[in-house]
Amino acid sequence: MLLRGMERYVHQQDNGVTAESHEQPLVTRDFREELKDIRATLSQSIRLARHLLDPDSDQKLQFRRYVETQLADDRGLRSRIEGERQQETPQESLFVLRQSFESLRNLIDHLLQLPVCGLSLFTDVGNLVLREIVLNRYFRPCRLTEFRLEYDRVRSARLLALLATVPAETRPLFTTVYLGLFRLLHCLAYVSQDAQGPIPRRVRVLLALVRSESLSLAGYLKNELAPRAGPKPLQAACLRAARDIARETERIAREILVELDRDRAAAARASYAFTQLLRNQVVALTEALSPGSMVGEAPFEQLVSTTECASRLRKDLWVFSQLCRAAEGHLRNDDVPASESAISSIVAFLGYFQDGSYQLLRYVDYEAFDRFSALLTELPWPPEGPAVRTRLIADLKGFSQTLEHTFAAVSRRAQLQGFHFDRIEAEALRDRFLSTAQ
């Protein structure tokens with residue numbers, strides 16, 4: 001998030017935090033404050049990089065760098081520089097990023113001693129920062145319409161169920177918009193944390209990021225989603241969302257962001273205004289996709305109910321484990337027709353699970369689920385030979401235990417305290433997939 005914020009902040013056409021607060025032309029302005037903002041964000045990034053890099057890797061990389069810097073000949077020096085650019089592991093990539101940022105911070109410290117820091121100087125420093133970010137192998141930020149499961153989720157059981165009903169040709173477009181909206185709300189959560197007391201300079205960078213990304217998302221809604229959204233009412237809703245986001249974002253920049261230098265409460269007001277805007281658009285798009293579904297008070301809070309998400313995940317984990325146990329039992333009894341039917345039900349349920357509850361898992365749980373999904377994809381049927389069947393039985397048993405362990409962990413969550421497991425509803429879902437496979 002900080003890296004993406006710096007990417008946007010160094011471009012003046014994207015920077016609504018400082019550009020509109022000055023009447024002076026860009027070419028005659030002093031960009032000392034903007035340089036200080038970049039320096040503060042670099043410092044925060046360095047602190048996070050130190051925290052993320054485990055001490056053992058850090059010490060090894062520091063020692064290797066020291067040894068390599070003692071090489072006297074030019075070949076050794078060039079080899080060290082080229083080796084840093086290869087960044088074969090995430091640890092090396094993070095170490096290189098941190099070292100580069102420390103050098104840039106030192107450079108900015110000296111530049112801030114100049115009487116004036118003009119536009120060309122700020123632009124050149126920004127280009128150096130951008131180069132280090134873009135050339136980094138593992139820690140390069142995603143673009144607007146690119147998402148990674150480690151960071152970006154639609155944490156709403158209702159929205160995931162709704163998106164599963166959207167036609168396949170437009171589902172990725174709507175999913176992209178929802179992911180973009182939730183990503184911006186995630187950024188604003190950090191702004192809200194830092195908005196009390198003196199405004200940290202990195203908050204200015206994050207608000208510039210939110211403003212820029214909001215306008216880009218409005219453009220995506222207007223130019224990419226609306227023309228292909230489907231029925232005219234849905235197209236109109238997308239165009240209305242694009243218009244509202246663009247109009248309100250410009251108002252916030254014009255009326256609130258320009259006050260950041262003079263009013264400590266401006267950051268909190270901007271964060272609140274952006275949050276309300278984005279939440280309203282999540283609700284409006286959901287109502288357009290499913291008319292009449294958003295009723296009652298606090299519709300956004302209903303959509304992102306953690307209790308509902310945990311309940312959905314718990315139910316699906318129980319059904320998944322039951323299907324795997326059934327397949328394991330049929331394979332142990334050498335009942336090939338029943339085994340084939342049970343495996344088919346698992347494959348069908350896996351598609352249902354990945355469209356919904358998979359997004360609600362913790363990131364640490366993904367490895368076991370992905371490994372089992374790959375096993376089913378590559379599975380020859382019927383499994384030939386006792387060795388293959390024995391291995392499949394062991395895999396089903398092991399994954400069933402993983403599912404049961406995860407089910408127990410989810411059941412202990414605070415959101416589900418006092419909510420009993422609805423076994424009848426879960427059995428109905430299980431039987432639905434068992435009957436579909438027969």
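The following is a conversation about a predicted model of one protein chain.

Colleague: How many helices and how many strands are there in the protein chain?
Modeller: The model is a predicted one, and the protein chain has 438 residues, of which buried residues make up 45%. Counting its secondary structure elements gives 17 helices and zero strands.

Colleague: Among contacts between residues at least 6 apart in sequence, what share joins residues at least 24 apart?
Modeller: Contact here means heavy atoms within 4.5 Å. Among the contacts in the protein chain that join residues at least 6 apart in sequence, the share that joins residues at least 24 apart is 79%.

Colleague: Which residues does Ile346 touch, not counting residues up to four places away in sequence?
Modeller: Ile346 is, together with Phe320, one of the two residues that touch the most other members of the largest nonpolar core. Leaving out residues up to four places away in sequence, Ile346 touches Phe320, Leu323, Cys324, Ala327, Phe372, Leu376 and Leu396.

Colleague: Which helix supplies the largest share of the lining of the largest cavity?
Modeller: The structure holds one cavity of 30 Å³ or more, with about 30 Å³ of space in it, and its lining is made of Phe320, Leu350, Phe353, Gln354, Tyr358, Phe369 and Ser373. The elements that give two or more residues to this lining are helix H14 (336-355) and helix H15 (366-378). By class, the lining has five nonpolar, two polar and no charged residues. The largest share, three residues, comes from H14.

Colleague: Which helix supplies the largest share of the lining of the second largest pocket?
Modeller: About 260 Å³ of space lies in the second largest pocket, and of the 15 residues that line it, the closest to its centre are Leu160, Leu163, Thr175, Leu179 and Gln359. The lining divides into eight nonpolar, three polar and four charged residues. Helix H7 (157-165) and H8 each supply at least two residues of this lining. The largest share, five residues, comes from H8.

Colleague: Is Lys315 buried or exposed?
Modeller: Lys315 has its place in helix H13, residues 306-332, and touches Phe421, Glu425, Ala426 and Leu429, not counting residues up to four places away in sequence. Its relative accessible area is 17%, and the cut-off for a buried residue is under 20%, so Lys315 counts as buried.

Colleague: What is the distance in space, C-alpha to C-alpha, between Leu313 and Ser411?
Modeller: Leu313 also lies in helix H13 and counts as buried, at 0% relative accessibility. Not counting residues up to four places away in sequence, Leu313 touches Phe353, Ser357, Leu360, Leu361, Val410 and Arg413. Although Leu313 and Ser411 are 98 residues apart in sequence, their C-alpha to C-alpha distance is 9.5 Å.

Colleague: How many residues apart in sequence are Asn127 and Val10?
Modeller: Asn127 is found in helix H6, residues 119-134, and is partly exposed, with a relative accessible area of 36%. In space Asn127 and Val10 are 7.8 Å apart, C-alpha to C-alpha, while their separation in sequence is 117 residues.

Colleague: Ala298 and Asp334 each have a positive phi although neither is a glycine; which of them is exposed, and which is partly exposed?
Modeller: Ala298, with a phi of about 50 degrees, is found in the loop between helix H11 (266-289) and helix H12 (299-303). Asp334, with a phi of about 55 degrees, lies in the loop between H13 and H14. At 38% relative accessibility, the partly exposed residue is Ala298, and with a relative accessible area of 54%, the exposed one is Asp334.

Methods. Residues numbered from 1 in each chain as written. Predicted model: local features only at pLDDT ≥ 70, side-chain atom pairs only at ≥ 80, totals over all residues. Heavy atoms only, no water. Core = buried A, V, L, I, M, F, W, Y, C linked by side-chain atoms within 4.5 Å. Buried < 20%, exposed > 50% of the residue type's maximum accessible area, 1.4 Å probe, protein only. 1 Å grid on protein atoms, 1.4 Å probe; cavity = no way out; pocket = protein on both sides within 12 Å on 5 of 7 lines; lining within 4 Å. Points joined across faces, edges and corners; volume = space filled by probe spheres on them. Helix = DSSP H or I, 4+ residues; strand = E, 2+ residues; numbered from the N terminus. Nonpolar A, V, L, I, M, F, W, Y, C, P; charged D, E, K, R; others polar.
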